[in-house]
Amino acid sequence: MKKLAEKAAEKVRHASNVLVVSHIDADGISSASLASLVLDSIGMPHEVVFTKKLDEVFANGLRARKPEFVWFTDLGSGSTDLLGGLEGIITDHHRPLEPAAKPAIGKKRTLFDYDEKHDDSFLQVNPHMIGRDGGTDISGAGCAYLVARTLDPEMRRFANIAIVGAVGDMQDREGAGLTGTNREILVDGENFGVVEIEHDLNLFGRETRPLYKLLQYASDLNIEGITDNYEGSMDFFMGLGINLKKGENWRTWSDLKKSEKKIAIGALSELVSPELFTGEVYTFPMEKKGTELHEAKEFSTLLNSCGRYDAPELGLKVCKGDRDEALDLALGLRKGHRKNLVDSLKIMESIGITQLEHIQFVHVGDMIRDTIVGTVAGMLFGSGRVDDRKPIFALAVADDGIKISGRGTKTLVDAGLDLSEVMRQATVKLGGAGGGHNIAAGATISPKDVDEFLSLANEIVGRQLS
Ligand code: C5P
Ligand code: C5P
Ligand code: ZN
């Protein structure tokens with residue numbers, strides 16, 4: 001990855017004007033911010049544009065701008081066939097179009113092997129190129145960070161932004177925190193004093209949610225009398241002698257003393273296994289404690305609140321340091337995002353899941369925004385209220401077709417599931433654009449092809465898992 005990053009950095013150095021193109025989600029915004037920050041620092045004129053997806057229409061629009069050099073971040077690898085006539089670099093972790101380099105048995109794959117096989121109008125810094133899993137090893141932001149760090153070693157002071165991208169993509173979800181190349185970025189962040197790794201309660205909202213809400217809304221925990229029960233949640237802390245308020249203000253988890261945390265974690269462990277609510281938490285000491293920017297998960301949610309509601313530029317400004325107007329507006333959007341997720345989850349559940357032999361699906365029509373249908377499907381899938389022995393496909397009406405989000409589990413992936421391949425094969429057959437990761441992938445297809453898509457997905461998944 002370092003070698004690829006060096007080559008990419010070299011290409012950037014030789015450009016005179018760069019167009020940064022990125023995805024609208026938290027990782028996409030983090031990626032674009034890292035690119036933009038380093039381009040500022042080396043004095044390179046540039047612009048940043050965001051897109052929901054990289055399809056033919058968008059690629060044509062790009063070509064019409066006649067950019068000299070394009071830096072794709074958090075997208076591009078799955079669409080290199082659409083990029084003819086453009087030149088630049090790709091820092092991405094999605095499954096590449098070309099068969100990815102597999103770790104050669106008994107022989108270390110060299111960069112040379114990779115270069116020989118690929119057209120070099122786009123150099124790709126992508127973990128798949130060295131046989132790693134783009135879903136867990138590193139995010140788009142991490143890949144952009146590697147290039148940024150090569151161009152300017154001082155960029156290490158923004159290592160936290162790369163961590164926000166990885167956490168936004170849920171690369172830390174499967175238990176043991178961030179791993180692989182992400183781990184190296186964490187070490188950079190620690191050494192530079194911009195990231196701290198704590199082993200602590202890791203429920204969402206530890207910085208900004210009032211203590212009782214932290215438990216009340218932790219629906220995955222499913223604790224009788226506490227989950228979805230604000231009185232029970234309040235009683236839990238009060239019964240332990242932990243004050244819920246300090247003066248007029250609700251205290252948050254980040255306000256608690258070490259001794260109070262210990263008591264609360266101990267008591268909670270008697271009700272539910274600690275693995276379910278503790279783990280690595282990544283905090284950023286240079287940001288104010290008790291704010292959205294102080295912890296990776298809340299920071300990434302703030303960015304999603306911008307990108308998924310047509311305002312990725314706000315998130316970009318916040319990542320680049322704006323703590324005034326952009327941050328205020330982003331915080332406003334976050335309130336709406338939270339409510340929207342809660343409402344959408346209820347809608348998806350009330351519509352209900354339809355079972356096919358190897359997959360399950362839910363079509364939400366225009367009741368849920370296409371930009372969050374995947375997040376909602378992931379939340380429902382992870383809630384324990386849906387059978388997770390089959391992958392789930394959530395469909396929603398988008399302005400240019402039907403948006404499909406697929407979500408799986410690590411167990412399914414270990415058994416052979418590859419949702420990016422499902423989306424790829426289906427869109428090759430039906431048209432449209434699709435791709436992603438083995439565990440999470442997406443596509444947009446024509447409304448008339450929905451039934452065929454579902455039967456095709458059912459068939460492909462059946463084959464993958466057989
Ligand atoms: O576009 P991008 O790669 O940035 O997004 C990754 C997507 O994969 C996110 O929506 C994330 O929630 C999802 N994901 C998941 N489970 C994982 C890893 C990623 O649902 N274990
Ligand atoms: O949109 P959704 O959250 O379902 O996306 C899941 C994963 O699939 C993300 O990593 C996203 O970037 C990717 N994806 C893609 N091409 C699409 C749609 C989604 O690569 N057309
Ligand atoms: Zn990503």
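An oxygen atom of ligand 2 sits 3.3 Å from a side-chain N or O atom of His-437. This is a predicted model. Its average pLDDT is 93, and 95% of the residues score at least 70.

**Ligand 2**
- Ser-405 places a polar side-chain atom 2.5 Å from an oxygen atom of ligand 2.
- Gly-442 contributes through its backbone, where a polar atom lies 3.2 Å from a ligand 2 oxygen.
- The protein covers 81% of the 460 Å² of accessible area that ligand 2 has on its own.
- Strands S13 (401-407), S14 (433-436) and S15 (440-445) each give two or more residues to the shell around ligand 2.
- In total, 14 residues surround ligand 2. His-94, Lys-403, Ser-405, Arg-407 and Gly-435 are the closest.

- His-93 and Asp-169 link distant parts of the chain, 76 residues apart. His-93 is in the loop between strand S4 (88-91) and helix H4 (111-117). Asp-169 is in the loop between helix H6 (159-168) and helix H7 (181-191).
- His-93 counts as buried because its relative accessibility is 1%, under the 20% cut-off.
- Asp-169 is partly exposed, at 22% relative accessible area.

- Over residues 100-118, pLDDT stays under 50.
- The model has 21 contacts beyond four places in sequence for residues 100-118.

Terms used
Residues are numbered from 1 along each chain as its sequence is written. Chains are lettered from A and ligands numbered from 1 in the order in which they are written. This is a predicted model: local features need pLDDT of at least 70, side-chain atom pairs count only at pLDDT 80 or more; totals for chains, interfaces and linings use all residues. Side-chain values use heavy atoms; hydrogens and water are left out. pLDDT is the predictor's confidence in each residue, from 0 to 100. Contact means heavy atoms within 4.5 Å. Helices (H or I, at least four residues) and strands (E, at least two) are DSSP runs, numbered from the N terminus. Buried means under 20% relative accessible area, exposed over 50%, partly exposed in between (1.4 Å probe, protein chains only). A residue is near a molecule or strand if one of its heavy atoms lies within 4 Å of it. A polar contact is a pair of N or O atoms within 3.5 Å; within protein, one must be able to donate a hydrogen and the other to accept it, and residues adjacent in sequence count only if both atoms are side-chain atoms. Accessible areas come from the Shrake-Rupley method with a 1.4 Å probe; for residues, only the protein chains shown count as cover.
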